[in-house]
Each structure stands twice: as C-alpha cells, then as structure tokens.
Amino acid sequence: MTVFEGRFTDIGGLRIGIVVGRFNDLVTAKLLSACLDALSRHGIDTSPGSEQLDLAWVPGSFEIPLVAQRLAASGRYQVLITLGAVIKGDTPHFDYVCAEVSKGVAAVSRSTGVPVIFGVLTTDTMQQALERAGIKSNLGWSYALQALEMGSLMAALPSAGSTNPPS
Ligand code: INI
C-alpha cells in the first residue's frame, strides 16, 4: 500500500501563483500578508525577484477565476492560491459574486489539474471577515499551508496512465 501525503517543509522547486482581489483590501491585504509570512517560514522564496512565487491583483473576487485559469493553463505553477473577501450587502450582488468565484475556482482546478486553494472569505459582515483576517485568526496562514500540502501531494501522486507512483 502506498500512502500519499503532502508536505509542509522541503518543498523543493514548487512554484506558486497567488491571485488576490483588491475589493475589500482591508481584508485581502491582511490575508495576503499572513499567506506570504507562512510561505516564507516554510522555505518558499517570497522576495521580490523570486522565481518561486508570482502575484496577480484583480479588481474583485468575480475576476479571480479568469486570472486563475490563465495562470493554471500556463503550466508554470504547481499550485495556486486565491484570496478574496465577499461581504454581504443589501442587494443580491453578494450571492452572484460568491457563486461565480466558488464555482469558477473549482472549475479551474478540475479542468487544468492544478490545485487551486479557495481563500475567498464569504461573510455577513466586515467584522466577521476581519476576525478571519487577523483580529482572531488569520486564514491567510492556513491557505498557505493548504497550498504547500496540495502542491506537494499532487507532485507525489502517479500521473495519468502511470502504473507506478513516482519515487
Ligand atoms: N468583490 C469582492 O471581492 N467582494 C465583494 O464583497 C464585492 N461586492 O460586494 O460587490 C465585490 N464586487 C466586485 C466584483 O468582484 C467585481 O470586481 C465587479 O463586479 C467587476 O466585475
């Protein structure tokens, strides 16, 4: 029996793309900051000239899937992280944005085979979002760990048509 597991250290040459929404950037900037901190502490080069990490800003969560799709299709990244904050208002806009970004991110992941971490907060209030972006915990940190786990897990899994797992 082979047990496949992702790793959180000795990640090697993993290349990561991050897509982050500017909308509600009071929240998304804090998610990004914790995400970069966690990646850096787990051995990913997050310095400005890094070959391991690229960052794309988009206007809002609605645009995240399109840009994630482009990055995933490039073949450059073993894992993507999406960061956004959708906060309920007085109109149904929240529901449309939430539906598009959640379904869109899942579709990108399945259609390209590149794992895409869903780091989009969907909350009723700004307070709830901030509680998840630094006031209580910061989920940006968790999204970074989930990216390391999924990126390294996918690299360890047998590829399509293979009868033996990679060494
Ligand atoms: N984008 C978000 O990321 N969060 C929101 O809460 C939000 N609301 O509430 O409107 C939001 N809207 C912008 C949307 O993502 C697109 O950028 C915009 O509609 C242009 O396509």
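Reply: Starting with His 93: an N or O atom in the His 93 side chain is 3.4 Å from an oxygen atom of the ligand. Keep in mind that this is a predicted model.

Me: How far is the Glu 63 side chain from a ligand oxygen?

Reply: An N or O atom of the Glu 63 side chain is 2.4 Å from an oxygen atom of the ligand.

Me: And what about the backbone of Phe 62?

Reply: A polar backbone atom of Phe 62 is 3.1 Å from a ligand oxygen.

Me: How much of the ligand does the protein bury?

Reply: The protein buries 76% of the 460 Å² that the ligand exposes when taken alone.

Me: Which residues surround the ligand?

Reply: Phe 23 and Asn 24, then Pro 59, Gly 60, Ser 61, Phe 62 and Glu 63, then Ala 85, Val 86 and Ile 87, and lastly His 93 and Val 97. By class, that shell has seven nonpolar, four polar and one charged residues.

Me: Which element gives the largest share of the shell?

Reply: β3, with three residues.

Me: Switching to pockets. Which pocket does the ligand take up?

Reply: The space taken by the ligand is the largest pocket. The elements giving two or more residues to the shell around the ligand are β3 (79-87) and α3 (93-112).

Me: What volume does the largest pocket have?

Reply: About 250 Å³. The largest pocket is lined by 15 residues, and the closest to its centre are Phe 23, Ala 85, Val 86, His 93 and Val 97.

Me: Which elements give two or more residues to that lining?

Reply: β3 and α3.

Me: How does the lining divide by class?

Reply: Eight nonpolar, six polar and one charged.

Conventions:
Residues are numbered from 1 along each chain as its sequence is written. This is a predicted model: local features need pLDDT of at least 70, side-chain atom pairs count only at pLDDT 80 or more; totals for chains, interfaces and linings use all residues. Side-chain values use heavy atoms; hydrogens and water are left out. A residue is near a molecule or strand if one of its heavy atoms lies within 4 Å of it. A polar contact is a pair of N or O atoms within 3.5 Å; within protein, one must be able to donate a hydrogen and the other to accept it, and residues adjacent in sequence count only if both atoms are side-chain atoms. Accessible areas come from the Shrake-Rupley method with a 1.4 Å probe; for residues, only the protein chains shown count as cover. On a 1 Å grid over the protein atoms alone, a cavity is a set of points where a 1.4 Å probe fits but cannot get out, and a pocket is an open set with protein on both sides within 12 Å along at least five of seven lines; lining residues have an atom within 4 Å of a point. A molecule sits in a cavity or pocket if more than half of its atoms lie within 2 Å of its grid points. Helices (H or I, at least four residues) and strands (E, at least two) are DSSP runs, numbered from the N terminus. Ala, Val, Leu, Ile, Met, Phe, Trp, Tyr, Cys and Pro count as nonpolar, Asp, Glu, Lys and Arg as charged, and the others, Gly among them, as polar. Grid points are joined across faces, edges and corners, and a volume is the space filled by probe spheres set on the points.
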